[in-house]
Amino acid sequence: MLRIFLIRAVLVATPFVVWFVWREWARRNGRDMGETPWAWLVAAAAVMFALSMLILPLFHDDGDGGRYVPAEALDDGRVVPGHYEQKTP
């Protein structure tokens with residue numbers, strides 16, 4: 001879950017990072033950049049987020065038709081995370 005969150009956070013931050021790096025490079029080369037296009041950056045971040053939501057099912061492991069076994073707490077205090085078990089023929 002944390003991995004998915006971090007991937008989406010990087011995708012949302014990408015337009016902002018690209019803009020600010022490019023702006024700094026242009027300033028060092030003597031080009032006046034004007035104001036930051038916040039609306040365009042937010043729109044680009046929203047598109048990146050939406051694409052990540054659409055593409056996630058293509059690369060997410062859903063157990064390949066196996067039976068889901070939910071997480072459980074054992075008597076000794078250990079927690080067994082939820083997982084998929086392969087169906088037996």
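## Aromatic cluster

Phe16, Phe20 and Trp38 are joined by ring pairs into a cluster. Rings of Phe, Tyr and Trp (for Trp, its six-membered ring) pair if their centres lie within 6.5 Å; planes under 30 degrees apart count as stacked, over 60 as edge-to-face and the rest as tilted. Four aromatic pairs are found in a search of the whole structure.

## Basis of the values

This is a predicted model, in which local features need pLDDT of at least 70 and side-chain atom pairs count only at pLDDT 80 or more, while totals for chains, interfaces and linings use all residues. Residues are numbered from 1 along each chain as its sequence is written, and side-chain values use heavy atoms, with hydrogens and water left out.

## Overall form

The chain has two helices and four strands, in the order α-α-β-β-β-β from the N terminus. Helices (H or I, at least four residues) and strands (E, at least two) are DSSP runs, numbered from the N terminus.

The radius of gyration of the chain is 22 Å, whereas a compact globule of 89 residues would have one near 12 Å. This radius is taken over C-alpha atoms, and the globule rule is 2.2 Å times the number of residues to the power 0.38. Along the principal axes, the C-alpha atoms fill a box of roughly 65 × 30 × 20 Å. Of the 89 residues, 16% count as buried (buried means under 20% relative accessible area, exposed over 50%, partly exposed in between; 1.4 Å probe, protein chains only).

Trp19 is buried at 14% relative accessible area, whereas Trp22 is partly exposed at 35%.

Met33 sits in the loop between helix H1 (2-28) and helix H2 (38-59). Met33 is buried, with a relative accessible area of 14%. Neighbours within four places in sequence aside, Met33 is in contact (heavy atoms within 4.5 Å) with Trp19, Trp22, Arg23, Ala26 and Arg27. The C-alpha atoms of Met33 and Arg23 are 6.6 Å apart, and the two residues are ten apart along the chain.

## Tyrosine pair between strands

Tyr68 is partly exposed at 46% relative accessible area, and Tyr84 is partly exposed at 39%. The rings of Tyr68 and Tyr84 have centres 5.4 Å apart and planes at 65°, so the pair is edge-to-face. Because Tyr68 lies in strand E1 (residues 67-69) and Tyr84 in strand E4 (residues 83-85), the pair ties together parts 16 residues apart in sequence.
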